Structures are given as C-alpha cells and as structure tokens.
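Biologist: Could you take me through this structure a piece at a time? I have it open beside the sequence and would like to ask as we go.

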Amino acid sequence: MADSPFIARGFHAKRAPAKPDRLPPGQYETRDFPVLSAGPTPRTALSKWSFAIEDAAGHSMRWSWDEFQTLPRETPTVDIHCVTKWSKFDTKWEGVSVDTLLEKARAAGVVEGDFVTAFSDGGYTTNLPLADVKGGKAWIAFGYDGAPLPPEHGGPARLLVPHLYFWKSAKWVRGLRMMQRDEPGFWEQLGYHDRGDPWREQRYQGDP
Amino acid sequence: MTIPHTAPARLEWRVARVTAVREEARHARTLVLDVPEWPGHRAGQHVDVRLVAEDGYQAQRSYSIASPPESTPVELTIERLEDGEVSPYLCDVLRPGDGLELRGPIGGYFVWETSLGGPLLLVAGGSGVVPLMAMLRHRHAAAAPVRETVPVRLLYSSRTVDELIYRDELTRLEGAGDVDVHFTLTRGVPAGWTDFQRRIDRAMLAEVGWPAASGARAYVCGPTPLVEAVANQLVELGYDPSRVRTERFGPTG
C-alpha cells in the first residue's frame, strides 16, 4: 500500500458514517441485505437435509433437520461485513453455536484439526482456522430476523462467522470437515484471502 | 483455470489516469483509464476503486471492467446512483487528466474466455450489462473461426430506452450478424418499439435463450431479484446449475 494515499480531487464524504467505530476500513453501512453468490440458489428439502462434522479418519457426527432443531439455540445480534464493501449492523439470527456441535462431535470420536473446511450444497467450500469457529464466535444459523432463513440468504442453514468477511459464512452449509492444513476453498482459490479479517482488510490473497 | 496459490502477489493500489470520458446512456458514463503496469484481466472481472478525501475519509466500491482483455486502456462503465457517494463523484466530478486509485483485476468465477466455448447466453439487468459487454467485446476480437464456435445471445432488461447502456454498439454488433440482441423494457416503451416490454420471465428465456440441451453457458448479471429469478428459471428450463454463473448487484452507491 502506498504510504501516503492518493487524494481524489474534489471528493468529500457525502455523509459521515453514523457509527464509525463499528465500520471496518473501506466499508460502508447499508440497511439492505444484498445477495451475493456465484450461481443459482440451491434448493434442498428439509427431509433430505443433514449437517455433519467429520474428520479425515472417517469419524463423523451427523444431525437430521429434526435432530438439529432439538439442539440448544442462541439468538446472536451481530454486525456483518461483506468483502464487496457493505456492512450491516445489528443483524438478528437464530441458530446453534458451533461450540455445541463440536462438543457432541468430540464425544462421537471426531478428532479436531487446526483448520476446518465448511462445505455446502452446490459444491461451495470455504476454509477457516478452527479457532475462528470456536469460543462463541460462530453459529449454524437457520433463522434471520424472526423468520426462517430465506434460500437466497443461505437457507435452510448457513454458517455465521460475523467477525470475518461474510463469504466465510458459507450459505447452504451442510458440514464442517476437520483439516490438518489450511486448504483454500472456492473463493480463496479464486484470489480471496484465506482468513478474511475485515478489521485488517484481508480481502484478497496477498493482503497482510 | 489454475490460480497459483503459493506466495500470492498483493493486489497493489495504483493511480490510474483518466484519459477520456464517454456518456453511454442516461445515468451511465464510461471512464477510459490509463493504468500503469496493468497486469491484464479476463472478461467479467472487476476492480476496486478507492476515493480518499483530504480529511482522510475513504470510500471503496467495486466496478466491472467493460473493456476486453485485448485492449488497453482499461474502461469502466459507471451507473450514477442518485443517493450514492462514489458513483456521483465518478460521473459528475471526475474529468480527463484526473487520477483515480484502483486495484485489480478481481474475481475469477464470473469470467468467460473464448477457450470456454459456447453457445453463450448473456442475461443483463441495468448496469449488469457491463461485464457481459467485456465478454462480447472479447469474443468480437477473436478470429472469425473462433467466433463461429461461440454463437451468442444477449437478453438485456432496462427500465427505459434511454437507460440502455451500449445500445448503439450492441445494435451494430447485431447488424454485423455477430450476436443476437434482445432488449426488454420494464417501464414503458417509445413509439415503434418492437422488442419485449416486460420483466424477463421463463417464457422469454425459452424463446430467446439456447435450449439446455445445447450445452450453453449462461452468465447473468444485474440486480438481485432479476438474477435470482433468471438463474432459477434457467435451472427449471434444464440448465445444469454449474453452467449458470451469476453476479448480483446489491445497491453500491
């Protein structure tokens, strides 16, 4: 990055950000909920849906939709930040903490790795350090704003990791696979950052 | 496509020089940019633009590249959003001779190159036509035998006729027998209009698109409701989801 930024002649803020301390660098606040995805929205019947946590040795823990619904729920209210520059404050979700799922998976013999790959209907994957989905930082969300999560926003269920850029919050998620190494996922292979911390502006491969 | 993943080079910010501006339609303008050490791009990719004010305030937005890989300079076509912060600056304030900070190219999925073949179905809503124009220009730059292997159809939805971007160029391309172009207007048509005048629907896609059995690839770009509807309808018409690539615009002012 250049040491002294290039000043755009005649450019001024149109309106000061309302909550600048909550806006990571290069982001702006939107009240809408834009949709971004690479292809058509997959549709999976709830009767065919399941969620799995698995490791390379073949251990796994799996929940059907009905089983998943019996797990303890949380209702996080969080700010989300999309790499395409919008941020949205105070979004309200309902889902199951990944900590809850990991605890049951460990009991079933699943061995944790240093990284996870989240995998989804439609073939989408994304990679994360395991530490980023533990400790109350991540959920499998199936409710948004008091209603079932709409398909275009990742329903029936999506990963929710609000402290990272939102492409890490994989839509249509079907499971987490334990990994010993960080294996780039769909967008990461196409040039997006492996971690994606919005506060460090880790948008693309090579960003610090 | 193979993207090297080891020790990736950082996408550095560069200061491009505006060499010309061109009005394309009501509310849309093309910026012609001389970008130092531009690494080249593929049709469909975009750049990030960063504006920094004297007080340090900064705004960033993404804009699709309109020019084909074959040509320098790099061209961006910007739709002016009334309520926006960046697009009014790019459309109203920026003038030839000014600098503009950008980095890119970005994005490796919503891209098309001649080696991917066809047939090709391009579906655009509003300024979603911009990355598709890069694909059309890329194809047009190819040798005739290559072009013949990639028949193209474009279906382009706009609110009104004066918001159609690249209308003259598209009409020329069609007149040269190079591409099938269909426009549809959703908020009224001028006298003598003979093309479609409704939102894109399944019947329209079935009429002007390629049959799924042709193995066509589809690229759909525009506002979310249009892209969501068109992608679903193409799947209903038998398109394999992996052959339908989408780019959806949220409001990006």
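Modeller: One definition before we start: a residue is called buried if 20 or more other C-beta atoms lie within 10 Å of its own, exposed if 12 or fewer, and partly exposed in between. Please also keep in mind that this is a predicted model.

Biologist: What is D182(A) in contact with, leaving aside its neighbours within four places in sequence?

Modeller: With those neighbours left aside, D182(A) is in contact with F115(A), N127(A) and D194(A). As for Y192(A), which is 10 residues from D182(A) in sequence, the C-alpha to C-alpha separation between the two is 14 Å.

Biologist: Staying with chain A, which residues have a positive phi although they are not glycine?

Modeller: K85(A) is one of them, with a phi of about 100°, and D145(A) is another, with a phi of about 55°. K85(A) belongs to the loop between β4 (77-81) and β5 of chain A, while D145(A) belongs to the loop between β8 and β9 (147-148) of chain A.

Biologist: And are those two buried or exposed?

Modeller: K85(A) is buried, because 21 other C-beta atoms lie within 10 Å of it. D145(A), on the other hand, counts as exposed, because it has 12 C-beta neighbours inside 10 Å.

Biologist: Let's turn to a helix. Which residues of α2 in chain A are buried?

Modeller: In α2 (residues 98-107) of chain A, the buried residues are V98(A), L101(A), L102(A) and A105(A). They cover an arc of only 100° around the axis, so they are on the same side of α2(A). An α-helix has 3.6 residues a turn, so residues three or four places apart point the same way.

Biologist: What covers them, and what is on the other side?

Modeller: The cover over the buried residues of α2(A) includes β2 (50-54), β3 (60-64), β5 (86-97) and β8 (139-144) of chain A. On the other side of α2(A), E103(A) and A107(A) are exposed. Just after the helix comes G109(A), with a positive phi of about 100°.

Biologist: Which residues touch the most other members of the largest nonpolar core?

Modeller: That core has 115 residues, and those touching the most other members are I140(A), L122(B), L132(B) and L154(B). Helix α2 (residues 129-141) of chain B gives this core its largest share, seven residues. Domain 1 (14-106) and domain 2 (114-249) of chain B each supply at least three residues to the core.

Biologist: And I140(A), what does it touch beyond four places in sequence?

Modeller: Once neighbours within four places are set aside, the contacts of I140(A) are F51(A), G95(A), V96(A), V98(A), L101(A), A157(A), L159(A) and V173(A). Among these, V98(A) and L101(A) are also buried residues of α2(A).

Biologist: How do the two domains of chain B meet?

Modeller: The contact takes 16 residues from domain 1 of chain B and 15 residues from domain 2 of chain B. On the domain 1 side, the elements giving two or more residues are β1 (14-25) and β5 (74-79) of chain B, and that side divides into seven nonpolar, five polar and four charged residues. The centres of the two domains, taken over C-alpha atoms, are 24 Å apart.

Biologist: What about the contact between the chains?

Modeller: Chain B gives 41 residues to it and chain A gives 37 residues. On the chain B side, the elements with two or more residues there are β3 (46-52), β4 (58-64), α1 (87-93), β6 (99-106), α6 (224-236) and β11 (244-249). The chain B side consists of 20 nonpolar, 12 polar and nine charged residues.

Biologist: Last one: where are the cis peptide bonds in chain B?

Modeller: One joins T72(B) and P73(B), with omega about 0°, and P73(B) is in the loop between β4 and β5 of chain B. Another runs from G104(B) to P105(B), with omega near 0°, and P105(B) lies in strand β6 of chain B.

Key. Residues are numbered from 1 along each chain as its sequence is written. Chains are lettered from A and ligands numbered from 1 in the order in which they are written. This is a predicted model: local features need pLDDT of at least 70, side-chain atom pairs count only at pLDDT 80 or more; totals for chains, interfaces and linings use all residues. Two residues are in contact if their C-beta atoms, placed from the backbone, lie within 7 Å. Helices (H or I, at least four residues) and strands (E, at least two) are DSSP runs, numbered from the N terminus. Ala, Val, Leu, Ile, Met, Phe, Trp, Tyr, Cys and Pro count as nonpolar, Asp, Glu, Lys and Arg as charged, and the others, Gly among them, as polar. Domain bounds come from an automatic or database domain assignment. A nonpolar core is a set of buried Ala, Val, Leu, Ile, Met, Phe, Trp, Tyr and Cys residues joined through C-beta atoms within 7 Å. The arc is that of the directions from the helix axis to the C-beta atoms.
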